[in-house]
Amino acid sequence: MLDVKDAVVRYGTITALHGISFNVQQGEIVTLLGANGAGKSTTLRMLSGLHAPASGQILFEGKDVTKTKAHEFAELGICHVPEGRRIFPQMTVQENLEMGAFTRKGSTSEDLDKMYATFPILKDRRKQIGANLSGGEQQMLAIGRALMGRPRLLLLDEPSMGLAPMIVATIFGIIGEIRDSGTTVLLVEQNAAHALHLADRGYVMENGRIAFGDLAKNLLNDERVRAVYLGESVEG
Amino acid sequence: MRVWLTKAIVRRLLITQSIVAVIELMTGPAGSNSQPVYGFSHSFGESSSFFGLFRTQRWVTFFFVGLICWGVASFWISQGSRVRKSVHDALAFPRAATQKRPVRWGAMAVLLGFAIILPHVETAPFWQAAMVEQIAVYVLLAIGLNVVVGFAGLLDLGYVAFYAIGAYTTAWVTGALPTPALFHHALNPFFAIPVAIAIVMIAGIILGAPTLRLRGDYLAIVTLGFGEIITIFANNLYGITGGSLGSNQIPHPSIHLGPIKYIWGLAPVPYYYLALGFVVLFIIIFSLLERSRVGRAWTAIREDEVAAESVGINPLKYKVMAFAIGAASAGFAGVLTASQLIFIFPASFTLQFSINILVLVILGGMGSIAGVVFGAILIQTVTEFLFHSPPSGYQPQDLYIYLGALLVAMMIFRPSGLIPSKRRQREIRLSEAEHEGHLDEVLTGDDT
């Protein structure tokens, strides 16, 4: 579904991504793991058009989207839940959700009902402004807003950031449901244990390169991953 | 074989041609008491140039204009449903729970009634002139700048340029500039209104498209430069604009339509009603826009441009739209000023003017149409009052001391304006709270 080939991203003279290649297949959750500065967020910025690659190619459903601009991705079927949630703070919950369907013509009431069924808390708060929501509610709103665009591929940037463990569990449960309802998910996450338990496959990034990738259950048992990302000491 | 010349086509052709004939008469030479049919007999026969291409009689020009109108109308009828649908889509965005009463019709009607009888209550010539030249014009400019600053959140310090372009366009199409007019036959200033609005909107696009990639302070500097460039052009392009002396041959608007014959003369009151009509029109259009899909896109860009892009809004497109739409009312204000005062000169379109309008918008309440209208009326009335009957020791240049003090006081006690827009008020409170640093829950991420 999504195919990244040798993508190089530079910020000025600094190369952030040294030619990364990976793919995401229809209907799976793929997670990108890595330490701070490994290039995870840069990868997502590149995939949502915020930073164009200097070379390489991005294919989405066989179409070249390397040069596509940020605002054109939503219409293509790739919706981005940005890092730090970035909901519209002065719009109500409902207005925020409606903004998610901006590129779509016609009625959104059906999608709204669906979102309120997925996130019942948002229904209770639909007339409150975004700024007054708690962090977890804002994250749900950000995911709901992206889903309103009916994406085929959902990009999630650090959905667990700054949230209480219980809320993280709820949100990861919902991400699983999103996959089960047919939306492919690319998940960038620091919380490797959570992400790998949920994901089908994972890639580990180091210093702007993809170090290795495997099925999530293999990565969970991989010594390198266990040592660095799951915080377990390796014996022997 | 299909019959090409159907009845509907012929009917449309006749309708457009008769509309054009009426316009032809209206813009033609005026009649007089001694020769009442002068306009009728001469307007068709007079020779004119066809958009500067070749000389011909006026009726030929207008016949071709009519043909073009007919073509547009036919295209609209065959393709119009698509256009109508997209316009409808653009205006129909807020679907569910937003505001229940978008406009307080009762209050609006009372205020409008008051505005209509005002010239009969206040009959002092000074105030009647001030109502048009100082208040109505500033209200028009303030509601237009409010679209740019208040709705889209773009700081424009060169807004007066659009006002100047509107005024100079009027002078141009009415044949009052040294440069040849757009049409050979000078247009009635009445018909300068759509031309001027179209030209300032195009100017808005020309300025906006390359510069609106800039943000915040950078944009303010570029717009400042644009305002200065327009003034300097007006001052120095002697052969085109008349230089620093400006232009002083602009006719008053008039209507000659069958039995209706009316000339806007030197008296300000008829201009007041003309301005009032357009103020109401612009207020209706701008408030519809604010509540539309376009308005929602502006709000989204203002609140978080990255998030707006992530939901599929093209920020550049909507910012350019804000520039063009906001410029429209300044274009009309330019026509109003030029055709009422009959002279314009570059010195009246200064940076100070842009800043004055911005002050009105900020005092009234950015993003709130009621606020900026109220702010403009209040400040301009007080200014005129001080000018008309100054307290002892008051000098006209002292005004800016008081305005400055008022701005400072307002920033302390009412930072979001006299009649703030609800959303903008919360935005300002939010950013204050963020600066004070106790809003951890609200922080919506940074740019890393």
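How many helices and strands make up the secondary structure of chain A? Chain A has ten helices and ten strands, where helices (H or I, at least four residues) and strands (E, at least two) are DSSP runs numbered from the N terminus. This is a predicted model, in which local features need pLDDT of at least 70, side-chain atom pairs count only at pLDDT 80 or more, and totals for chains, interfaces and linings use all residues. Residues are numbered from 1 along each chain as its sequence is written, while chains are lettered from A and ligands numbered from 1 in the order in which they are written.

**Chain A**

- The radius of gyration of chain A (taken over C-alpha atoms) is 18 Å, close to the 18 Å from the globule rule for 236 residues, so chain A is as compact as a globular protein of that length. The globule rule is 2.2 Å times the number of residues to the power 0.38.
- Along the principal axes, the C-alpha atoms of chain A fill a box of roughly 55 × 40 × 30 Å.
- Of the 236 residues in chain A, 50% are buried. A residue is buried if 20 or more other C-beta atoms lie within 10 Å of its own, exposed if 12 or fewer, and partly exposed in between, with C-beta atoms placed from the backbone.
- Among contacts in chain A with a separation of 6 or more, 65% are between residues 24 or more positions apart. Two residues are in contact if their C-beta atoms, placed from the backbone, lie within 7 Å.

**Chain B**

- Chain B has 17 helices and four strands.
- Buried residues account for 39% of its 448 residues.
- Of the contacts in chain B between residues at least 6 apart in sequence, 75% join residues at least 24 apart.

**Nonpolar core**

- The largest nonpolar core has 169 residues. Such a core is a set of buried Ala, Val, Leu, Ile, Met, Phe, Trp, Tyr and Cys residues joined through C-beta atoms within 7 Å.
- L140(B), L141(B), A142(B) and A322(B) touch the most other members of this core.
- Helix α5 (residues 125–151) of chain B gives the core its largest share, 17 residues.
- Beyond its neighbours within four places in sequence, A322(B) contacts V147(B), V148(B), F151(B), A152(B), L154(B) and W298(B).

**Where the chains meet**

- In chain B, 27 residues are in contact with 34 residues of chain A.
- On the side of chain B that touches chain A, α11 (293–303), α12 (305–310) and α17 (422–436) each supply at least two residues.
- That side of chain B holds nine nonpolar, seven polar and eleven charged residues. Ala, Val, Leu, Ile, Met, Phe, Trp, Tyr, Cys and Pro count as nonpolar, Asp, Glu, Lys and Arg as charged, and the others, Gly among them, as polar.

**Positive phi**

- E61(A) is not a glycine, yet has a positive phi of about 50°. It is found in the loop between β4 (55–60) and β5 (63–64) of chain A.
- I342(B) is not a glycine either, and has a positive phi of about 55°. It lies in the loop between α13 (315–341) and α14 (351–364) of chain B.

**Confidence**

- The model scores ipTM 0.88 and pTM 0.80.
- Mean pLDDT (the predictor's confidence in each residue, from 0 to 100) is 82 for chain B, and 83% of its residues reach 70 or more.
- Within chain B, confidence is lowest in strand β1 (residues 47–50), at a mean of 60, and highest in α13(B), at 93.
- Over residues 438–448 of chain B, pLDDT stays under 50.
- Where pLDDT is low, the predicted coordinates should not be read in detail.
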